[in-house]
Structure formats: structure tokens, C-alpha cells
Amino acid sequence: MTFFLWSAGLVLALIWFWSLLGAALGMPKVPEITRPQWDRNPVTPGGNPRVTVVVPARNEEETIEASLLRLLALDYDNYEIIAVNDRSNDRTATIMDRVAATPQAHGRLKVIHVDTLPSGWLGKTHAMWTAARQGSGEWILFTDADVLFRPDAVRRALAYAEAEPADHVVLFPSMIMKNIGERMMIAFFQALFVFGHRPWRVADPETDDHMGVGAFNLIRRRVYEEVGTYQALRYEVLDDMKLGKVVKNAGHAQRNVFGRDLVSIHWAKGALGIVRNLTKNFFAIMSFQWPRTIASCFMLAFLNLMPFAGLWLAHGWARVPYLIAVLSIFLIYWGMSSRSAIPAYYFFLHPISSTLFVYTLFRSMVVTLWQGGVVWRGTKYPLEELRRGLV
């Protein structure tokens, strides 16, 4: 038992300290585009490039109006919005048409109604592909129907993209959090994000690290078409991340940036709302492989719960590596608190949020296998087809 505790402690200390060191050195390299230098229009020979903003929506009656009105208030002068009503059975279509009929939307907003979903497509990827085909922008911005934009968001992102130059820009959204459970889960998600995705390495063409965020995926049209458009990702549950993957694998310049409140989103209602939202995605992250999922559950529990358990189980000097691991986790929380509205003391809820995330991963596997696929916004997508559609 003593040997196991020593060995486990040393492994955990090494893993978490190495993650902390990578984040401390790497995160400052990720640009912050709310800085004054990006408060300008993009510098291009032909003037401000045209942007097509794509907004897919299915049963989004609670959020779609605010989202579209915010987009119509952008301070950029050369853009269009193509919103797609994807077979909604609530008031989404009516609200979209009403917004499109306002003087503010004239010549700026186009609404497309999709009544039937072709076979071999997810509803969201089909909606985005349909909208992008009808757009005229040199750049395409894929976003979601519950995202709130600040007026200068697109202008700043384009100024950065053209200055780099970049082919694909991912702007991390600011999370709107309304209770302790939401903050606890988002805090853990941020720590996991630093641990697993290493955003500071995305810009390095020599690495496999890539990024994509549903709230803000800005891509040059020629690059989007070169990687096969969303037709190449037509059955991908993780369409946002996989777009980033195919762009990076094709050798194009990918960048991710922070923007504080340039783009905001209320991800889910409460901790259990986040669990429900992630149930659709987590088994897909594991490529729908149950052995890999079970192993990941054990690994996630070991990495996140054992540092705290080791402080109680180990004795004497054997506690030192666990203390290093726990302190490293706290410092990651502290570092991320400077970029979000979550105080560092949410670190003390890390064991609870870790347990909920392990449960979510296991639940995602069980629910998907039980259903024989993923049920997403009222449409069932068979598991075998999802596996064949993986990129």
C-alpha cells in the first residue's frame, strides 16, 4: 500500500505540475483581442472583407430573437446573416421571420426554413452547410442561436485574422453563469480544457493540437471549401472541434483568441443542465468506443480525485507529492480566474465537479448505447451511422 501511494503520488505530482508549467508559460501567448490594438477595421487591399454569419436554430424560441438582434447591431459594415430554421416545432420560425421583417434587418438578414432532413446528415451540420452555400462572404462565421455578440466582436476578430494572417480563428466565449452549480462545472471544464487541449499550441503547425468552438468559428471561405465544407463533417456530433481538426490537418493557419465579453453564452441551467448537455457529446469524444470510455472514467477519477484522497491516505513524506498535485490544481484555477468570472476558491469544489464529470462520461456511454444512437433536438441518429461518419 505504501509503495502504491508513493508511486501514485509521484505520477500525479509530475502530471499536474507539468500541466501547470505548460499553462503558465503557454496561456500568455494566446492573444486577447479586446486590447486597444485590435479596436480597428481589418487592413486589406480591397477594403473590409465581406462576412457571412451562419446561425443554425432548432427550437430556440427562448434565445433566437436576442441573438439575431445582437448580430444586427454589429458595428462592422460588410456582413450578412443567414439564419436557418432547422425543422423547429416551437415559435422559432415565427420569431426569425418577425426579426427579418424589421427595417433593421432589411438587406442584412436572410432566413431559410428547412422542412426535411436529408439522409446521412445531422440537422445542425446540414443547416450550416445549406446557409454557407447561399452566402457571399470571403469569410464565414459559424455561431449558435443562443450566443450574444458585442458590437465590436466581428470587427476585432477580423482585424486580428487579417493581420496574422490566419485562416481559421476561434474566439473563446464568455460563460454567463447564474448559480454555484454552473460556476463549479465551468471551473472544472476550464481546468480540463487547459489540461487536455493546450490552446497555446494550436498556432504551432508542428503540433496536432487544434480547436473549434460552436459559438465562434471564423473561417476563410476558400479554406472551408478546400477542406470539403460541412459535407465532410455531415455526421459529426462534434462538428465544431472537427472543423478545427480538418483545418489544422490540411496545413492551414489556425488561431484561437480570448475576447472577454465579446461573445457570451449561457451554456446550461444548473450543474445538472450541463450534465444533460454533455451527455450528447462525451461518448462522441471517445469515438463511441466503450472500452476507451471506461478507461477514461477511471483515468479522470484518478487524476482529479486521487490527489485529494492521497492527502488523507498517505502519511509523512508520502503526502508531499499529493500536496504538489493539489497545489498545482489550485494554481490552474487561480490562473484561469483571471480570464473568467469564476473565483479561484471554486477549487475547493473540484472533487464534486470531478465526480459529476466522471458520471457524465459514463452516463453518455450508457444512454447512447441504450438508445442505439444519439437523440439530438428530437431527432435520433443511429449509432452505427455516427461511427461511420467519424472524422
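Mentor: Start in helix α7 (residues 221-226), where Glu 225 and Arg 221 sit four residues apart, so about one helical turn separates them. Helices here are DSSP runs of H or I with at least four residues, strands are E runs of at least two, and both are numbered from the N terminus. Those two side chains form a salt bridge, with 3.9 Å between the closest N and O atoms; the term asks for a side-chain nitrogen of Lys or Arg within 4 Å of a carboxyl oxygen of Asp or Glu. Glu 225 is partly exposed at 46% relative accessible area, while Arg 221 is buried at 14%. Buried means under 20%, exposed over 50%, and partly exposed lies in between, using a 1.4 Å probe and protein chains only.

Keep in mind that this is a predicted model, where local features need pLDDT of at least 70 and side-chain atom pairs need 80 or more, while totals for chains, interfaces and linings use all residues. Residues are numbered from 1 along each chain as its sequence is written, and side-chain values use heavy atoms, leaving out hydrogens and water.

Now try Glu 236, which pairs with Lys 242 at 2.9 Å between the closest N and O atoms. Glu 236 is buried at 1%, and Lys 242 is buried too, at 12%.

Next, Glu 32 bridges to Arg 260 at 4.0 Å. That pair links distant parts of the chain, 228 residues apart: Glu 32 lies in the loop between α1 (2-26) and β1 (51-57), Arg 260 in the loop between β9 (254-258) and β10 (263-265). Glu 32 is buried, at 6%.

Altogether, the structure holds 22 salt bridges. Some join up in a network whose members include Asp 39, Arg 150 and Asp 261.
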